[in-house]
Amino acid sequence: MQLEFAAIKRAKKFSPNHIENDALILTQTAEELHRLGAKVKFYDEEMLFGNSIKEDFIFSMSREDDVIKKLKQLQKKGKVVINSPKAVKNCFRENVTTKLLVYGVPYPDSVIIKTNDFDPITLAKFNGQKVWVKRDKHIQHSEDRALATCDAERDNIVREFGRRGIKKAIVQEHLIGNEVKFYGVRGSEFFHWYYSHETIPGIKIDEQKFITLARRAAETLKVDVYGGDALIMPDGSIYIIDFNDWPSFAPCRNEAAQAIAKMIYRKAQFRMLTPDHSFVSEETNEVIEIETNFN
């Protein structure tokens, strides 16, 4: 029986500076699924409500709130969605901040605030420090993330977010270390990382510790296809500073597409064959539940 998949493209507004790269990783994943014998139909995120998705298996780069709600409804009817709607919402910066801090994943000290009811007293712990101000959901524009070098600049950025209609912001301590980017696929051996900003020469990285930490963050957020940024501090400690659902995988697209397609195909196969809707992770030998709901 030929497995049939729906592939949902990401809207351009959610691909700042990565429109082509985001399109390529989805296309190459579909090509790899074709090689595995599957059939793939593409849907545009912007036009999704004009289409009825008949396929039982969906892989999606969508970040639009209304589309996520529709995918959640399809999931409740028994369709498998990767990344799941829950995982995509977990990657909103507000949720990343809350969940990683609550579950003890090393993450910079942060405060979530309402931009239209803003009292600088709530940020007193950061007074005199450089901080990052980030919008609460996904970054859509370069102005959605800014470094404030003083308290007045910080407060002005928060108020500007409010004027732009951004209801919440994350104010986050500015840490100094070597920044690395990473990409992974949950339930597979695939993991790729590289230095994006090596500002302090000589810092050693415990690679296995780093990989374990990134995978722990992915497990905490329940994200199958992920990427992010981390800081390697002078003492060797590691902080996750950003985490995203389904990045572009530009530096490692070929390997990533193969790993993503294999993971998606395996989930679809096990969804068809196993009553408990789970599969065994190659990296840990643990059982990973396929996130789906049934009426």
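Colleague: Where is Phe 249 found?
Modeller: Phe 249 sits in the loop between strand 12 and helix 7. Helices (H or I, at least four residues) and strands (E, at least two) are DSSP runs, numbered from the N terminus. It's a predicted model, so local features need pLDDT of at least 70 and side-chain atom pairs count only at pLDDT 80 or more, while totals for chains, interfaces and linings use all residues. Residues are numbered from 1 along each chain as its sequence is written, and side-chain values use heavy atoms, with hydrogens and water left out.

Colleague: Which other residue has a positive phi of about 45° although it is not a glycine?
Modeller: That's Trp 246. Trp 246 also belongs to the loop between strand 12 and helix 7, and that helix covers 253–273.

Colleague: Is Trp 246 buried or exposed?
Modeller: Buried, because Trp 246 has 0% relative accessibility. The cut-offs: buried is under 20% relative accessible area, exposed is over 50%, and partly exposed is in between (1.4 Å probe, protein chains only). Phe 249 is buried as well, with a relative accessible area of 0%.

Colleague: Switching to the backbone: which peptide bond is cis?
Modeller: The one from Ile 82 to Asn 83, with omega near -10°. Most peptide bonds are trans.

Colleague: And where is Asn 83?
Modeller: In the loop between strand 4 (80–82) and helix 3 (85–90).

Colleague: Now the rings. How many aromatic pairs does the structure hold?
Modeller: There are 12. Rings of Phe, Tyr and Trp (its six-membered ring) pair if their centres lie within 6.5 Å; planes under 30 degrees apart are stacked, over 60 edge-to-face, and the rest tilted. One of them joins Phe 182 and Phe 210, with centres 5.7 Å apart and planes at 85°, so that pair is edge-to-face.

Colleague: Which parts does that pair tie together?
Modeller: Phe 182 is in strand 9 (residues 178–185) and Phe 210 in helix 6 (residues 207–221), so the pair links parts 28 residues apart in sequence. Phe 182 is buried at a relative accessible area of 0%, and Phe 210 counts as buried at 0% too.

Colleague: What about the rings of Phe 182 and Phe 243?
Modeller: Their centres are 6.0 Å apart and their planes at 55°, so that pair is tilted. Phe 243 lies in strand 12 (residues 238–245) and Phe 182 in strand 9, so here the parts tied together are 61 residues apart in sequence. Phe 243 is buried, with a relative accessible area of 0%.

Colleague: Which residues form one aromatic cluster?
Modeller: Phe 182, Phe 210 and Phe 243, together with Phe 191, Trp 193, Tyr 195 and Tyr 226.

Colleague: Is Cys 91 buried or exposed?
Modeller: Cys 91 is buried, with a relative accessible area of 0%.

Colleague: And how does Cys 150 count?
Modeller: Cys 150 is at 36% relative accessibility, so it counts as partly exposed.
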